[in-house]
Amino acid sequence: DEGFLRLERLVVRNLYADGSTSAPYPCDVVRRRGSDAVVAALWTRRGTRGLEVVLREAPRVPVYLRRTREPVLADPEDYLTLMEVVAGLLEPEDGPGLEGRARRASLEAREEVGLEVPSERFASLGEGSFASPGTGDEKVHFQAAPFDGEPAVQGPGDGTVMEEWGVARVLDLREALRACREGRDRKSTRLNSSHANISYAVFCL
């Protein structure tokens, strides 16, 4: 049963410019059904409150289960929940190119934090980056858009149990960037800072 992930155990060789090859070596590749994902960096300016951004707090079982391991670096955290940017996998029906990425970002904004953000509002933050290139081929594409109103405490979700509990959090941009640096917000909720750092960098230019 492959489940949501598929593990490919390969034996590969490197091919060099002079035509020579390396010795064969093992390479494990973890794949999901899609090889591309979209992050929706959602922001707003309201009166004197300055720039604010939306994150989503939710439990992440793989991270929670770190407690069952013995990492090289001691980690006393419980990781009951993790705060992340709004994101999701690109689906075939989203379509190609920038339009498809913007359409997926709009859908994820609705599903995860209950915000109606038209796809036309989204701007690309570049060609993306690889989430974990040592083990997988997933490429993450970053989209940013302003939103109106207030996010729902809980978005409608995508119908899966894994995603049924998640709450929207609105943070001042300065607080979000501080949380990226420190790995947690002022309520001690852990932050998945790698994607958030990239997403919010555009607002600091």
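Trainee: In which strand does Thr44 lie?

Mentor: This is a predicted model, in which local features need pLDDT of at least 70 and side-chain atom pairs count only at pLDDT 80 or more, while totals for chains, interfaces and linings use all residues. Residues are numbered from 1 along each chain as its sequence is written, and side-chain values use heavy atoms, with hydrogens and water left out. Helices (H or I, at least four residues) and strands (E, at least two) are DSSP runs numbered from the N terminus, and on that basis Thr44 lies in strand E3.

Trainee: Is Thr44 buried or exposed?

Mentor: Buried means under 20% relative accessible area, exposed over 50% and partly exposed in between, with a 1.4 Å probe and protein chains only. Because the relative accessible area of Thr44 is 6%, this residue is buried.

Trainee: Which residue has its backbone oxygen 3.2 Å from a polar atom of the Thr44 side chain?

Mentor: Contact here means heavy atoms within 4.5 Å. Leaving aside neighbours within four places in sequence, Thr44 is in contact with Gly50, Leu51, Glu52 and Phe147. The backbone oxygen that lies 3.2 Å from a polar atom of the Thr44 side chain belongs to Phe147.

Trainee: How far apart are the end C-alpha atoms of H2?

Mentor: The expected span of a helix is 1.5 Å times one less than its number of residues. For the 17 residues of H2 the span should therefore be 24 Å, and this agrees with the distance between its end C-alpha atoms, which is 24 Å.

Trainee: What is the phi of Tyr79?

Mentor: Tyr79 lies in the loop between helix H1 (61–64) and strand E5 (82–84), and it counts as buried because its relative accessibility is 14%. Most residues other than glycine have a negative phi. Tyr79, a residue other than glycine, has a positive phi, near 55°.

Technical notes: Polar contact = N/O pair within 3.5 Å; in protein donor to acceptor, adjacent residues only side chain to side chain.
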